[in-house]
Amino acid sequence: MSDYKSEFMRVLDERGFIHQLSDADGLDKLLASETVTAYIGFDCTATSLHVGSLVQIMMLYWFQKTGHRPITLMGGGTTRVGDPTGKDESRKVLSDETIEANKAGIKTVFEKFLTFGDGPTDAVMLDNAEWLLKLNYLEFLRDVGRHFSVNQMIQRDSVRLRLEREQHLSFLEFNYMLLQGYDFVELFNRTGCRLQMGGSDQWGNILSGVDLGRRMTETEFFALTTPLLTTSSGAKMGKTADGAVWLNSDMLSPYDYWQFWRNTEDSDVERFLKLFTILPMEEISRLAALEGAEINEAKKVLATEATALLHGREAAEAAAETARKAFEEGESAAGLPTVEVPAGDLEAGIGLLSAYVTAGLCQSNGEVRRNVKGSAVRINDAVETNEKRVLTMQDLTEDGIIKLSLGKKKHVLMRPA
């Protein structure tokens, strides 16, 4: 354990958030002596952030919790360029209308974790479109571009990896580093912001901003990044076989979000409790010590606490109870995901293969067939071995639903509309 003086750095260190620091001692002294302003940028590439962004959001949470002021910077301007970091090809150019719609969807999640307002530690939300769209290109080249070394830029991972693979890198994307660096300087001038945080893949971009800030303002700027998270099996956080784990409830239900955390690999439980819950470290240590079948209790705590932070305690408890009924009691629980089908289709009969694809439990008829052969398909809790089975109104339970199950953990209720 490092001997940091500031509470923020101690919290981040013991919970596993820190990967890279530009000046650990300097930042620690600054945080210990005054209220600091820091920012993280979020480009508007989708209508919701996914769980891969949650480490950054939790870092902003702890920043505010320990007495500092966080800024969530919406990339209304930089999204028009596209960050080449970690990409093998150029991002799709989005229309202004799409960017605005995405921004509106992304904004809502931050209010779940941060307190916004006008106080000294209240969070601030800004949009870099406010200054980037007004830039005069020649003035920008003269005032900002002259501080950037192309020699250094092509050594940054976001550029170097693309060039080494001989993959196309547009001049548009090459400018992204300049714009992100300029954001840092602009935020310093507007708010006194001196710290930029982000994922480790952003290290090069953030350092460019630190260097630009020093040159343009003669002030020391700071950089802090988190580890790029993968599960113990090597999978990237935020992605599953079923797609992205979205944070907005209209794209992923609280129940499915709870299930994502419940399915955490045993070896990831302690790490995820530290990063994605606000439980005291003593309680996390107790849960991490559980072994064998008891580790499932720790997973349920992780799922409930992580879901409570995003969707509220009531929704988290409801998801936990739904799961208990569905998995432990074998009941058709009303809180399970539901898919509606036209009553006429059910009266005529819906093939088993079609039903499972429609419900989103499988991606193709072939996948359903494989699961039928593996005895993983159950209709109303009974194993189904006939892939040609047809579901009709006769299969409806007293609750007016048909419960489709895939394995022990995936369930969808089919209901006639």
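Student: Is Phe272 buried or exposed?

Tutor: Good place to start, and keep in mind that this is a predicted model. Buried means under 20% relative accessible area. Phe272 has a relative accessible area of 2%, so by that cut-off Phe272 is buried.

Student: Which kind of aromatic pair do Phe272 and Phe276 form?

Tutor: Look at the angle between the two rings: planes over 60 degrees apart count as edge-to-face. For Phe272 and Phe276 the angle is 75°, with 5.5 Å centre to centre. The pair is therefore edge-to-face.

Student: Where do Phe272 and Phe276 lie, and by how much of a helix are they separated?

Tutor: Both residues belong to helix α13, which covers residues 269-276. They are four residues apart there, so their separation is about one helical turn.

Student: How many residues apart in sequence are the parts that the pair of Phe8 and Phe63 ties together?

Tutor: Phe8 counts as buried at 0% relative accessibility, and Phe63 is buried at 0% too. Phe8 sits in helix α1 (residues 7-15), while Phe63 sits in helix α3 (residues 54-65). The pair therefore links parts whose separation in sequence is 55 residues.

Note on methods. Residues are numbered from 1 along each chain as its sequence is written. This is a predicted model: local features need pLDDT of at least 70, side-chain atom pairs count only at pLDDT 80 or more; totals for chains, interfaces and linings use all residues. Side-chain values use heavy atoms; hydrogens and water are left out. Helices (H or I, at least four residues) and strands (E, at least two) are DSSP runs, numbered from the N terminus. Buried means under 20% relative accessible area, exposed over 50%, partly exposed in between (1.4 Å probe, protein chains only). Rings of Phe, Tyr and Trp (its six-membered ring) pair if their centres lie within 6.5 Å; planes under 30 degrees apart count as stacked, over 60 as edge-to-face and the rest as tilted.
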